[in-house]
Amino acid sequence: MIYIRNIFRQDLRDGKQIAFPKEVSNQFFNFSYQDDDPDRNLVFIYKESNTESQFYIFNNTNITTRLYAAGTESRIDGELKRFLIDKLNAVIDDKVLFRKINDNKYEFEFIPSSLPKHDFIVSLIGNKNHEVLLLESAVSTSDGEDSTDPILSSISEEKKDSKFQPQNKIYFGPPGTGKSYAIKEFLKSNNVPASNYSRVTFHPDYDYASFVGGYRPFTDKDDGNIKYKFVSQVFTDLYVKSWENFNNENYFLVIEEINRGNCAEIFGDIFQLLDRNPEYNIEPSSELRNYLIEKEKEINKNKKEGTEDIKLLFDGKLQMPDNLSVLASMNTSDQSLYPMDSAFKRRWDWEYIPINTKCQNSNFTIEIHSNHQYSWLEFLEKVNISIYSVTKSEDKQLGNWFINAEKTKKIIEKDIFINKVLFYLWNDIFKDEVYHQDNIFVKKREDGSKDKDISFNDFYNKDEQNNLLIHLFERVLKISKVQNEPERNVDNQETGNTEIESEIASQELDSN
């Protein structure tokens with residue numbers, strides 16, 4: 001077991017002893033810090049393997065001291081402190097890495113902030129001041145007194161490979177840019193099995209009880225009466241899984257459309273856990289605490305003999321496990337549904353997913369009929385210019401995955417285009433902008449001047465449908481049709497296509 005500790009100002013002040021918080025006292029020193037705990041004599045063995053280090057002359061120095069309870073923490077007498085100051089010239093923000101041999105004997109390595117590997121130590125503990133690493137391979141198989149390998153070498157590679165750095169990240173961007181796909185690819189690239197992540201979608205009726213858990217009625221099988229019990233939900237289930245498998249697995253909570261729910265209501269005080277600071281653990285509700293107490297007893301009752309007890313509460317409070325990450329998607333065009341306050345926003349990392357009109361995987365074809373097909377990506381480039389001109393907002397523009405036609409041989413059929421794309425453009429962008437020069441729902445004359453407005457309902461007139469769509473592409477947005485090689489002789493074409501061509505050729509779209 002490894003314990004990494006930052007050196008604080010009070011550690012170096014006269015009259016102050018080195019103190020350890022409750023969790024470290026419990027977990028690393030196996031000491032409950034209570035006033036009636038008997039004092040314990042400890043031996044700390046200094047380790048320095050670099051023969052060129054100025055501190056190598058102190059290698060294998062034994063420091064005998066005392067661990068004792070002091071209020072809400074445990075402390076050690078000043079022998080270790082004097083060694084750090086007088087022999088190792090320790091200063092604030094240097095690190096000390098302890099390695100447990102047994103309850104009375106510990107090795108320690110000193111990592112000054114000037115050493116290159118100090119940055120790696122910082123990466124291990126993140127923004128924390130303390131970190132206990134439960135790595136079985138780092139436990140000595142001997143008494144440790146003759147060990148010449150640095151303590152750090154026993155954890156560096158294993159930590160890099162097995163311990164994913166936790167994160168809270170929101171993938172955001174306009175509709176259809178592939179935010180959910182980016183999360184999916186992230187999980188795939190990190191080899192996350194389906195059992196290690198849960199996916200939920202926020203919506204206006206989603207609440208704290210749906211996210212964390214709450215009391216639900218059930219019928220007692222013995223007496224037939226209606227009773228109530230706490231039923232955990234996705235966050236609590238992953239919280240328990242993460243602590244239960246803290247040393248072996250990484251878990252991910254995926255939230256789709258995070259801003260379509262009222263985050264303040266859904267997260268409640270749980271949002272403070274996103275700080276990932278064990279010094280600011282939160283007080284759970286009484287029903288959640290009782291559930292976790294019973295769950296902790298159940299897990300430890302069934303655990304393997306000889307393994308350490310699992311903790312779900314820390315002094316009765318919730319603490320965010322470092323192997324649980326929260327990933328979310330946010331459609332920026334829906335920001336007005338439930339705005340997020342700044343306190344919530346600052347607890348997340350943000351990654352913008354842009355529109356990619358160069359993405360060949362989304363190089364679809366919009367088919368009006370076999371002789372009038374148009375490039376989906378070119379359509380996006382042109383229509384997004386009009387969207388921005390009208391709204392002055394990139395959030396309303398269309399992403400290249402707004403429609404996914406991979407399952408239809410990369411063909412976007414006419415009805416899908418009208419019902420999904422044109423409906424969005426009409427309803428969310430252009431219907432209230434009838435006087436704007438860049439409104440696309442208009443008929444234009446050959447000179448580009450406006451002839452008349454087009455309503456969305458006009459696209460459902462079967463007699464006018466094809467003509468209006470072709471007019472939209474070719475005259476309004478200036479998009480040329482895709483030139484396809486003819487697959488068969490005109491004489492053998494279906495009658496319907498020939499009639500459409502004749503109709504288009506004979507009509508004057510810009511007349512009257």
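This is a predicted model: local features need pLDDT of at least 70, side-chain atom pairs count only at pLDDT 80 or more; totals for chains, interfaces and linings use all residues.
Reader: What span does helix H11 reach from its first C-alpha to its last?

Author: Helices (H or I, at least four residues) and strands (E, at least two) are DSSP runs, numbered from the N terminus. The expected span of a helix is 1.5 Å times one less than its number of residues. H11, residues 376-391, has 16 residues and reaches 21 Å, close to the 22 Å expected. Lysine 392, with a positive phi near 55°, follows H11.

Reader: Which residues of H11 are buried?

Author: An α-helix has 3.6 residues a turn, so residues three or four places apart point the same way. Buried means under 20% relative accessible area (1.4 Å probe, protein chains only). Among the buried residues of H11 are Trp376, Leu380, Val383 and Ile387.

Reader: In what order do the five strands of the open sheet stand?

Author: Two strands pair if DSSP finds at least two bridges between them. The order is E10-E13-E14-E9-E15, with parallel pairing. Strands E10 (197-201) and E15 (349-352) are the edges, each pairing on one side only.

Reader: How many bridges join E9 to E14?

Author: Six bridges join E9 (residues 168-173) to E14 (residues 324-331). Phenylalanine 172 stands opposite methionine 330 in E14.

How values were computed: Residues are numbered from 1 along each chain as its sequence is written. Side-chain values use heavy atoms; hydrogens and water are left out. Buried means under 20% relative accessible area, exposed over 50%, partly exposed in between (1.4 Å probe, protein chains only).
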